[in-house]
Each structure stands twice: as C-alpha cells, then as structure tokens.
Amino acid sequence: MSITSQLEVLRKRIDKASTQAGRSPASVTLLAVSKTFGADAVIEAVQAGQRAFGENYVQEGVEKILALRAWSQAQDPSLAKEGGASPTLQWHCIGPLQSNKTRPVAEHFDWVHSVDRLKIAQRLSEQRPAHLPPLQVCLQVNIDGGPNKAGVAPAQALALAQAVAVLPRLVLRGLMTIPEPAPDFETALAVHRRTRALFETLQASQPWPAPLDTLSMGMSADLEAAVAGGSTLVRVGTAIFGGR
Ligand SMILES: *Cc1c(COP(=O)(O)O)cnc(C)c1O
C-alpha cells in the first residue's frame, strides 16, 4: 500500500479508537515517525496532508529537515521566510539524547519528547537559538520500570518537571512513554492508564508556566489502547511507512 493509503487507514483507526473511547478524534495528534525512511517518503506523507514528523536519529533527522525545507521553498517561494525549523512542518525528536548531541536538536527541531534528565534540558535551553521559538518538550517517563530503558522514574518526574519548566528557552508540554510491548489490549491499557494518572497528578500539582497538554504514547501496535488510555499524540512509523 502507498503511504497515502496507509495514512488514510491510520486516520480511520485513530478516529474509531477515539470515538470508542468517547473522545473527539481531533484530540489525538498523529506524529508520523519517518526514521530510516528518506525525504521522498516524508514528501509523499506531506502531500497526503501530514504535517508532524518524528525522528529518532539526530543527524538523519536534521538532513531530512533541511531537505524538506528546501522542497517546501521550491514549492512555494513565499515560505522562504525565517523562523521555525520549517515554515509548515513540525519536527519532533523522539530518540534517546546524549548530551554531546543536543546542539543540532536545539537548532533544528520544534519538539523533543525524550528529555529524561536535567542536564539534557539545560543544554537544550542554552543552545536554542534566540531567533527560534522556544523548544517544546515532553519528559520521557520509564513507566514500567524497564531496567535498561531511558526515561525518568515516575517518582522523580515531578521534580524534573519543576526544574525543566523554569528553563528560559524550553516550554514543558507533557510526558512521553515507550512501554514494553504488551500481549493484549487490556495489559497495554493498564500501563497507559498509569501514565495518564501520573500526567494528571503533575497537571494538578501546581500552576505551570504553560499548559501541560501533551501525553505522547502509543505506536503502530498499541495506538488503540493508548487512545483509550488518554494519549493526545500517537507516534506511528511502521503502519505508515512500512517495516524497517
Ligand atoms: C520507532 C518509534 C516509534 C514508531 O514505532 P512503530 O512501531 O514503527 O509505529 C514511536 N516512538 C518511538 C520513540 C520510536 O522510536
């Protein structure tokens, strides 16, 4: 199936999952995870109406951001103005971040979902260029305690959120999780509900400088359970672009 048809199928899946959960389909953003696929695949998705893209690998992501900016400008020279990683597209860094790789992320991406320690957040804030809007960030939470997994422990999430929220060039927007693959819907849903409970605890804990409105959870295999559990943003690669 073409990327265009896969996107249509996926939007129907999201609509159905939202409706079944008693939610508006508009309350769930689709992030197309284009890692390992080239700029051509992203262009096809853009032509099908997709605007938000997720990348895991910094260098690969930056190359695509630049390629897509050149492509957009060739399509419409009026888009060649300053500001934003791209005038029309939104780029989300969702992969693990090392502190020596933060600069290109701060310089090119619009969002980062994988902030799991203060040092990374401080570097991103310091390195965010003054002419760009602040970087939108989610804290990655290790919700199911996988020992080798990135992510702040749930018990440390509030302290990290408080420290990140006051950094001048970042805007804290919410949480992100990558749970272990679950054998069935109910198991997946239970984990997603735990993440939502943590998210709601954070939301209610204090007034935040910007609304915490983003709960980034759910991928190709578990997006229905994630939407039922309260996800506001699903990150989908395989079901759009095919296997990697
Ligand atoms: C690859 C990846 C995805 C997409 O996974 P699929 O199973 O291909 O939909 C989502 N989130 C993160 C953090 C990823 O690395």
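Me: What is 2.8 Å from an N or O atom in the side chain of Arg235?
Reply: A nitrogen atom of the ligand. This is a predicted model, where local features need pLDDT of at least 70 and side-chain atom pairs pLDDT 80 or more, while totals for chains, interfaces and linings use all residues. Residues are numbered from 1 along each chain as its sequence is written, and side-chain values use heavy atoms, without hydrogens and water.

Me: How much of the ligand's accessible area does the protein cover?
Reply: The protein covers 89% of the 390 Å² that the ligand has on its own (Shrake-Rupley, 1.4 Å probe).

Me: Which residues surround the ligand?
Reply: Val33, Lys35, Asn56, Ile94, Ile178, Met219, Ser220, Arg235, Val236, Gly237, Thr238 and Arg244.

Me: Where does the ligand sit?
Reply: In the largest pocket; more than half of its atoms lie within 2 Å of the pocket's grid points. A pocket is an open set of points on a 1 Å grid over the protein atoms alone, where a 1.4 Å probe fits, with protein on both sides within 12 Å along at least five of seven lines.

Me: How much space lies in the largest pocket?
Reply: About 610 Å³. Of its 35 lining residues (an atom within 4 Å of a point), Ile178, Pro179, Met219, Asp222 and Arg235 are closest to the centre.

Me: New topic. How many cavities of 30 Å³ or more are there in the whole structure?
Reply: One. A cavity is a set of points from which the probe cannot get out.

Me: Which residues line the largest cavity?
Reply: Gln140, Val141, Asn142, Ile143, Lys149, Ala150 and Ile178. Ile178 is also among the residues around the ligand.

Conventions: Near = heavy atom within 4 Å. Polar contact = N/O pair within 3.5 Å; in protein donor to acceptor, adjacent residues only side chain to side chain. Points joined across faces, edges and corners; volume = space filled by probe spheres on them.
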